[in-house]
Amino acid sequence: MIVETHSPEETRSFARGLGEKAVPGTIYTLDGDLGTGKTVFAQGLAEGLGITEAVSSPTFTIVQEYDGGRLPFYHFDVYRIEEPEEMEEVGYDDYFYGDGVCLIEWAELIRDIIPDNAIHVTIEKDPEKGFDYRRITIENTGH
Ligand code: ADP
Ligand code: MG
């Protein structure tokens, strides 16, 4: 599925809709270049889960946990992972196979441990379509 947005608010509101519908154990991966809107997307998803706490990029930790919503929200940024063992140390399987909703930025770096049922989200710009245009591709390959 492809969704085209033309403002940060549109991206946020699309992600909010996903958050409202998310069920326990839902895993989203999130890829896209710097400045495409990954944080905007994460904020929308969190809003949809009923989280009122401010969501930013988890810069200093691999995973940031938000417990104030309808379901726990686990926001991963694995950019700084150098070897898969670091994910073991984090205890990733408790999150991936738990009762919350995971959003994993830079999931490409740990693709071997991403569960098959993950929903893959990619955000891209297209300079020809304007500064605020984003193409959001949602793929569920595992079923
Ligand atoms: P990332 O986390 O991917 O580095 P951010 O979410 O921090 O990116 O920033 C995205 C920037 O792009 C924000 O300044 C936002 O206002 C802007 N922006 C413009 N158009 C859009 C859009 N359609 N969707 C999401 N963000 C957009
Ligand atoms: Mg970000």
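1. First, some ground rules. Residues are numbered from 1 along each chain as its sequence is written, chains are lettered from A and ligands numbered from 1 in the order written. In this predicted model, local features need pLDDT of at least 70 and side-chain atom pairs count only at pLDDT 80 or more, while totals for chains, interfaces and linings use all residues; side-chain values use heavy atoms, leaving out hydrogens and water.

2. Start with the neighbours. Ligand 1 is surrounded by 15 residues (each with a heavy atom within 4 Å of it), and the closest are Thr-11, Gly-35, Lys-38, Thr-39 and Asp-132.

3. Next, look at the polar contacts (pairs of N or O atoms within 3.5 Å). The side chain of Thr-5 has an N or O atom 3.1 Å from a nitrogen atom of ligand 1.

4. How much of ligand 1 does the protein cover? On its own, ligand 1 has 570 Å² of accessible area, and the protein covers 76% of that (Shrake-Rupley method, 1.4 Å probe).

5. Finally, two helices (DSSP runs of H or I, at least four residues) deserve a look. Helix H1 (8-21) and helix H2 (38-48) are the elements giving two or more residues to the shell around ligand 1. H2 gives the most, with three residues.

Note on methods
A polar contact is a pair of N or O atoms within 3.5 Å; within protein, one must be able to donate a hydrogen and the other to accept it, and residues adjacent in sequence count only if both atoms are side-chain atoms.
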